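This briefing sets out selected features of a single model, grouped by topic. The sequence and structure are shown first.

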Amino acid sequence: MSILRRFRDVVRIGPVQVGTAHDRRGREKHTAVCTAPRCGFSHDYDTRAAAELAARTHRCPVR
């Protein structure tokens, strides 16, 4: 089942995009997603700082 999220405050750090949205329970979540082909990295974080840190330190396994 797909979840439609409305992201705001989207920034790009290298190949990773970080955005803020609300989950199904109304809590604010911050998501980091790598946009490189075949990478597949994405994760939700409780704080914006954690999502941005993940974006800065992410290294794609596929080159």
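In this predicted model, Glu52 and Arg48 lie four residues apart in helix H1, which means that about one helical turn separates them. Their side chains form a salt bridge in which the closest N and O atoms are 3.0 Å apart. Salt bridges with shared partners join Arg48, Glu52 and Arg56 into one network.

**Helix H1**
- Arg48 has 19% relative accessibility and therefore counts as buried, the cut-off being under 20%.
- The buried residues of H1 (residues 48-57) are Arg48, Ala51, Ala54 and Ala55; they cover an arc of only 130° around the axis and so lie on the same side of the helix.
- Ala49 and Leu53, on the other side of H1, are exposed.
- The buried residues of H1 pack against E1, E2, E3 and E4.

**Sheet**
- Four strands form an open sheet in the order E1-E2-E3-E4, with antiparallel pairing.
- Strands E1 (8-13) and E4 (42-45) are at the edges with a single partner strand each, so one side of each has no neighbour in the sheet.
- Neighbouring strands of this sheet are turned by 20° against each other on average, direction ignored.
- E2 (residues 16-22) and E3 (residues 28-34) pair over seven bridges in the antiparallel sense, and Val16 has Cys34 in E3 as its bridge partner.

**Other salt bridges**
- Glu28 and Arg8 form a salt bridge, with the closest N and O atoms 2.4 Å apart; this pair links distant parts of the chain, as Glu28 in strand E3 and Arg8 in strand E1 are 20 residues apart.
- Asp23 and Arg27 meet in a salt bridge of 3.0 Å, N to O; Asp23 counts as buried at 19% relative accessibility, whereas Arg27 counts as partly exposed at 42%.

Notes: Residues numbered from 1 in each chain as written. Predicted model: local features only at pLDDT ≥ 70, side-chain atom pairs only at ≥ 80, totals over all residues. Heavy atoms only, no water. Pairing = 2+ DSSP bridges. Helix = DSSP H or I, 4+ residues; strand = E, 2+ residues; numbered from the N terminus. Axes fitted to C-alpha atoms, helices over the stretch in contact; angles between N-to-C directions. Buried < 20%, exposed > 50% of the residue type's maximum accessible area, 1.4 Å probe, protein only. Arc of directions from axis to C-beta. Contact = heavy atoms within 4.5 Å. Salt bridge = Lys/Arg side-chain N within 4 Å of Asp/Glu carboxyl O.
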